[in-house]
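Welcome! Please take a moment to look over the sequence and the model before reading on.

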Amino acid sequence: MMNLKFLYLSFSKEGLVALVEYNEKKMFEVKLKEMKTTLTSQIAEERDISEVIETVKQSVKDAKLPDIEIVRILWDVLMDAVQWSGKNQQQNANAALRQVKTWAQLLSTFCTNGKLELELIYKVQIQCYEDAKLMKLFPEIVRSLYDQDVLAEDTILLWFRKGVNPKGRQTFVKALEPFVKWLEEAEEEE
């Protein structure tokens, strides 16, 4: 089997770099989709969390998927699996928070640094902004992720002070203010 570097060089000589890059992008998209499909099934079947973690690790290894993509996919799959109930805000809140708590270990396994934690907050922010039934849930989800040791205090404070994603930012900053105040007071007491 010809290695990709050789193929890339051969195609480059022929002026076909765009074709190689297009193919690589398509292969990457296929691998992401495969992983998402597998995870969706495992979560729907409520498989053991260690099995799901191993599946993700294997996908990362086989497909060389970037950590940031993994965090994005995990959040999407977890929220897609929630059983949303029409207009009942409290049931929706409970369902989303139950999902976060149930799968927190999965998220924390792959949110291994501040950059990835920040990406998770952005995913939560965007989803809460774009989905009316989740709009008021942002501070509760962030707090739950903090309580489950998925998000570090420093990451939350960084997002609060300097977060760059504008979608609903002002609303979410205001909603998160009491929690941030509590974090800062707890920090001062130490």
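## About the model

This is a predicted model, in which local features need pLDDT of at least 70, side-chain atom pairs count only at pLDDT 80 or more, and totals for chains, interfaces and linings use all residues. Residues are numbered from 1 along each chain as its sequence is written, and side-chain values use heavy atoms, leaving out hydrogens and water.

## Helix α3

Helices here are DSSP runs (H or I, at least four residues), numbered from the N terminus. Helix α3 covers residues 49–63. Its buried residues (under 20% relative accessible area, 1.4 Å probe, protein chains only) are I49, V52, I53, T55, V56, S59 and A63. Seen down the axis of α3, these buried residues fall within an arc of 155° (taken from the directions from the helix axis to the C-beta atoms), so they line one face of the helix.

The face turned away from that side carries K61 and D62, which are exposed (over 50%; partly exposed is in between). Just after α3, K64 takes a positive phi of about 50°.

## Aromatic pairs

Rings of Phe, Tyr and Trp (its six-membered ring) pair if their centres lie within 6.5 Å; planes under 30 degrees apart are stacked, over 60 edge-to-face, and the rest tilted. The count comes to five aromatic pairs. In one of them, F138 and W159 have ring centres 5.1 Å apart and planes at 45°, so the pair is tilted. Both F138 and W159 are buried.

Ring pairs also link F138, W159 and F172 into a cluster.

How values were computed. Helix = DSSP H or I, 4+ residues; strand = E, 2+ residues; numbered from the N terminus. Expected span 1.5 Å × (residues − 1).
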